[in-house]
Amino acid sequence: MQKELVIVLDFGGQANQLIARKIREQSVYCEMLAYDEDVEKIISRNPKAMILAGADLRSNLLNQQLLGLGLPILEVPKIKELSTERLEHFLFSEVGLKGDWDLIGFIQETVADIRAKVGDKQVLCGLSGGVDSAVAAVLVHQAVKDQLVCVYVDNGLMRKGESEEVIKTFRDKLGMNLVYADAQERFLSKLAGVSDPEQKRKIIGTEFIRVFEEEKNKLGEIDYLVQGTVYSDVIESGTKTSQNIKSHHNVGGLPEDMDFKLIEPLRLLFKDEVRKVGEKLGLPPEIVWRQPFPGPGLGVRVLEEVSREKVEILREADAIVREEMKKAGLERSIWQSFAVLLPVKTVGVKNDARTYAYPVIIRAVMSEDAMMADIAKLPYELLELMAKRIVAEVEGVNRVAYDITSKPPGTIEWE
Ligand code: XMP
């Protein structure tokens, strides 16, 4: 079925994706294209209307040919000034759209498409524990059931309970084929003696690829690879005007020469839509609402040299931060909140005795896209509670501090 399409022409500006999301919230399907997109291409998509995001018709950038198409056009020079009422009026009264798009329809259509594309071939998916790969895997599983094999690499740098959660959800609850590759020792021994952050990232990234390839080779003929690419990645790499600089971090990415055809079931969805699809497909909140977590995991939060002992200390401290954030009802509204372990020791006192142990830093930030971040102004009572619990419950920690640096000049992670 041909769905109603609105084209959002992107004239640059960080807020432009907001327009597209607002349109989709109105059950109208839209796609974003660069302001200087080939006119033939736009016509071939048969759009019902166009929205100029970040420009008006007087803008001399606008191609005259586009104006000649006679499509209804809404000019939105300042995104933040576009009210929902104005948008609704444009879409439903001026253009006369029905609003024929929703996520249930999306799921049905995507499942049918994947089934037709894959036929009786085999499909592989690397699960990272993150929401995108999880939702992509479940969508593909709905389509091809046991033709899908998921591989989860446990690098020993995951947070408390995460690996167990992945096994419980995908294998036990959803009945999916899951290969659990326990590579904890391998990663930790490769990291021994290494303290440079970039070298640590490289080692973790390379080892991930090795383990993944080994597991793949055990599986026999595989034709397709599932990737959890989401729409913001597509727009950032495809729209010349986009102000977003794509994250330079790609640890956990796969080598380009792997001989697979790709399935990217989420490539047209925004992150909030991915989460909604995940909920509809029965994924637990711990996975659907998981905060962003770096590919190298706790490996870049144990500063300098990583050891099993330090990872275990950090894992326990971090679990307390997560638990208290959750209890305070804050974990979903905050971009990232976590603990960092410093590679120094400080003097303290416990049960009348002197201690000499590690300090833990609590980091919590608000952000839209990780490019910039403000510190989260967590209540003092909450910080105090976390600090008290960490020093009381985590052996090896005797001091807690809160990082009050925004990005820039700080980065979100400490390494
Ligand atoms: P920074 O620390 O650069 O982080 O402000 C921005 C965002 O990227 C995440 N991050 C990473 N993600 N591999 C990843 O996949 C990495 O090596 C990496 N380093 C940082 C970080 O958690 C934040 O969300």
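Leu127 is in contact, defined as heavy atoms within 4.5 Å, with Ser133, Ala134, Ala137, Cys150, Val151, Tyr152, Val153, Val166, Phe170 and Leu178, residues up to four places away in sequence being left out of the count. The model is predicted, so that local features need pLDDT of at least 70 and side-chain atom pairs count only at pLDDT 80 or more, whereas totals for chains, interfaces and linings use all residues. Residues are numbered from 1 along each chain as its sequence is written, and side-chain values use heavy atoms, with hydrogens and water left out.

Leu127 belongs to the largest nonpolar core, which has 97 residues and in which Leu9, Val123, Leu127, Leu148, Phe170 and Val277 have the most contacts. A nonpolar core is here a set of buried Ala, Val, Leu, Ile, Met, Phe, Trp, Tyr and Cys residues joined through side-chain atoms within 4.5 Å; buried means under 20% relative accessible area, exposed over 50%, and partly exposed in between, with a 1.4 Å probe and protein chains only. The largest share of this core, 10 residues, is supplied by H6. A second, separate core of 25 residues includes Met32, Leu74, Ile79 and Leu82.

Helices (H or I, at least four residues) and strands (E, at least two) are DSSP runs numbered from the N terminus. Helix H6 has 14 residues and reaches 20 Å from its first C-alpha to its last, close to the 20 Å expected at 1.5 Å a residue, the expected span being 1.5 Å times one less than the number of residues. Because 13 of its 14 residues are buried, H6 is largely enclosed by the rest of the structure. Just after H6, Lys145 takes a positive phi of about 45 degrees; Lys145 lies in the loop between H6 and E6 and, at 46% relative accessibility, counts as partly exposed.

In helix H7 (residues 162-173), the buried residues are Glu162, Ser163, Glu165, Val166, Thr169 and Phe170. Seen down the axis of H7, these buried residues fall within an arc of 160 degrees and therefore line one face of the helix, the arc being that of the directions from the helix axis to the C-beta atoms. The face of H7 turned away from this buried side carries the exposed residues Glu164, Asp172 and Lys173. The cover over the buried residues of H7 includes strand E5 (123-127), helix H6 (131-144), strand E6 (148-154), strand E7 (177-182), helix H12 (285-288) and helix H13 (308-327). H7 is followed by Gly175, whose phi is positive, near 65 degrees.

Around the ligand there are 13 residues, of which Arg201, Gln336, Lys407, Ile412 and Glu413 come nearest; a residue is counted as near if one of its heavy atoms lies within 4 Å. An oxygen atom of the ligand is 2.8 Å from an N or O atom in the side chain of Gln336, and an oxygen atom of the ligand is 2.7 Å from a polar backbone atom of Ile412. A polar side-chain atom of Glu413 lies 2.5 Å from an oxygen atom of the ligand.

Glu413 lies in the segment after strand E14 (397-402) and, at 11% relative accessibility, counts as buried. The side chain of Glu413 also makes a polar contact with the side chain of Arg301 at 2.8 Å, a polar contact being a pair of N or O atoms within 3.5 Å, of which, within protein, one must be able to donate a hydrogen and the other to accept it, while residues adjacent in sequence count only if both atoms are side-chain atoms. Beyond four places in sequence, Glu413 touches Pro294, Val300, Arg301, Gln336 and Phe338. Two cis peptide bonds were also assigned: the bond from Lys407 to Pro408 has omega near -15 degrees, and the bond from Pro408 to Pro409 has omega near 10 degrees. Pro408 is found in the segment after E14.

Elsewhere, Arg186, placed in helix H8 (residues 184-191), is partly exposed at 29% relative accessibility, and a polar contact of 2.8 Å joins its side chain to that of Glu214. Asp10, in strand E1 (residues 5-10), is buried, with a relative accessible area of 2%.
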